[in-house]
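Subject: Structure handover

Hello,

Here is the structure I promised to pass on. Please open it alongside this note, and then read on for what turned up.

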Amino acid sequence: MYALTRIGGNNWLTDGSTGPLLAARDEALRVGSATIVHTIDGILVLDAVLRADFGVARRAGDECLAVVQRLRLAPASRYVLMAQAALAAHQGDRAAMERALAAFADWDGSGSQEEPLTIGLARAFCALMEEDRTGAVRALRDVADLEHANPSTYYLSGRYGIGVLLDVLAGDAGRAEQEEIAATAPGRMRWNRQFVLFADAVLLGREGRAAEAGEAAAEALRAAEPYPTALHLALRLLSEDAHAHGWGEPVAWLRRAEHHFHQTSVPAVTNACRAALRRLGAPVHQHRSGSSRIPEQLRALGVTVREYEVFQLLPERLGNKEIADRLYISPRTVEKHIASLGSKTGRSSRAALCEFSVAFAP
């Protein structure tokens, strides 16, 4: 059972898949390995946190914690409390994080194998959700000190992931350090790999290799796809550097991050994205009713709610007056929206814009 659990855990760390873990859990239930069932449940709680399935993580974490604490399973209790601290941190809820960390300490958390995870996935991420990069770097240095004194068997605490990106952005790490981490097994774990690849993109951009930087960012986005909070946090962190060095899509990335953190109620990062957009000279749009219906690709281009309403009618090849009658606006307003849509989407002719709109039609 321990072998099956380790195999499942390795698959989860490598590519983010939980299938083998769930198969191991089913087998543990069949043969009565209760400790392993609860160990896997703890991993699944953390997986839900990293995937930003916060409601699932909260319910599953509370249920699992009640059982493992009743059974006095200290390692499992610490792991779930670590996951609960990370859950609060990834939502920018410092008070809830501190409560979980206090409970973690009560279960002999100090000096435990799980301690670096609580600092890296909780304290460092909470600092980033408060736009406190200095605090995040300080927390990650604490992780490094702990792991130097007491090497951990857990590898998601930041040393091989978010820490690499922060160090590269700050100029405290360069190509040699990034490549050294990228070559390690922990650096290839999917949660870590997204940050290592984003760091590679930043370095390529600074080296004047704009096309390669864009390709590295695209690869990083694919790796980060299961992890929306981490993905949008990385975009917020690197966008201004990308703009300064002329690569990628920094304005679109900032708009995408701003929308995500507005939707998940993390005001510090939302406001920071909006301020960054202004510094880049890009317009900042208000969150009007209906903005959540705009496809992400169009929202990243800055398409407004009113423009999207016009865009949705373009597949029907209607004239301006017909669109105006449908939306109860003037033909002149329709004309302005279509001109703006053409500019934002790069479709200079109405025919090209209509053709583009077909791809988004229901």
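Let me start with the cysteines. This is a predicted model, and the count of disulfides in it comes to zero. Take Cys-273 as an example. Its closest cysteine sulfur belongs to Cys-126, 17 Å away. A disulfide needs sulfur atoms within 2.5 Å, so Cys-273 is too far from Cys-126 for a bond. Cys-273 is buried, with a relative accessible area of 0%. Cys-64 also counts as buried, at 6% relative accessibility.

Next, the nonpolar cores. The largest one has 100 residues. Which residues have the most contacts inside it? They are Leu-46, Leu-121, Ile-162, Leu-165, Trp-191, Phe-198 and Trp-247. Helix H5 (residues 74-90) gives this core its largest share, 11 residues. In general, nonpolar side chains in soluble globular proteins tend to be buried together.

Setting aside neighbours within four places in sequence, Leu-165 is in contact with Phe-195, Phe-198, Ala-199, Val-202, Ala-234 and Leu-237. Another core lies apart from the largest one. This other core has 18 residues, including Ile-294, Tyr-308, Ile-338 and Phe-356.

Now find Leu-50. It is in helix H3 (residues 34-50). Leu-50 is buried, at a relative accessible area of 2%. Its contacts, leaving aside neighbours within four places in sequence, are Trp-12, His-90, Leu-121, Leu-156, Trp-191, Pro-226, Tyr-227 and Pro-228. Leu-50 and Pro-226 are 176 residues apart in sequence, yet their C-alpha atoms are 8.1 Å apart in space.

Ser-112 is the next stop. It sits in the loop between helix H6 (94-106) and helix H7 (115-129). Is Ser-112 buried or exposed? Its relative accessibility is 9%, so Ser-112 counts as buried. Beyond its neighbours within four places in sequence, Ser-112 is in contact with Arg-78, Phe-104 and Asn-150.

Last, the aromatic rings. A search of the whole structure finds 10 aromatic pairs. One of them joins Tyr-155 and Tyr-160. Their ring centres are 6.1 Å apart and their planes stand at 70 degrees, so this pair is edge-to-face. Tyr-155 counts as partly exposed, at 32% relative accessibility. Tyr-160 is buried, with a relative accessible area of 13%.

Phe-311 and Phe-360 also form an edge-to-face pair. Here the distance is 5.7 Å centre to centre, with 70 degrees between the planes. Which parts does this pair tie together? Phe-311 lies in helix H18 (residues 305-313), while Phe-360 lies in the segment after helix H21 (350-358). The pair therefore ties together parts that are 49 residues apart in sequence. Phe-311 is buried, with a relative accessible area of 2%. Phe-360 counts as partly exposed, at 22% relative accessibility.

Phe-125, Trp-191, Phe-195 and Tyr-227 form one aromatic cluster. Trp-191 and Tyr-227 are also among the contacts of Leu-50, and Phe-195 is among those of Leu-165. Finally, Arg-347 lies over the face of Phe-356, at 3.8 Å from the ring centre. Phe-356 is one of the residues in the core of 18.

Best wishes

Definitions and conventions
Residues are numbered from 1 along each chain as its sequence is written. This is a predicted model: local features need pLDDT of at least 70, side-chain atom pairs count only at pLDDT 80 or more; totals for chains, interfaces and linings use all residues. Side-chain values use heavy atoms; hydrogens and water are left out. Rings of Phe, Tyr and Trp (its six-membered ring) pair if their centres lie within 6.5 Å; planes under 30 degrees apart count as stacked, over 60 as edge-to-face and the rest as tilted. Buried means under 20% relative accessible area, exposed over 50%, partly exposed in between (1.4 Å probe, protein chains only). Helices (H or I, at least four residues) and strands (E, at least two) are DSSP runs, numbered from the N terminus. A charge sits over a ring if NZ of Lys or CZ of Arg is within 6 Å of the ring centre and within 35 degrees of the ring normal. Contact means heavy atoms within 4.5 Å. A nonpolar core is a set of buried Ala, Val, Leu, Ile, Met, Phe, Trp, Tyr and Cys residues joined through side-chain atoms within 4.5 Å.
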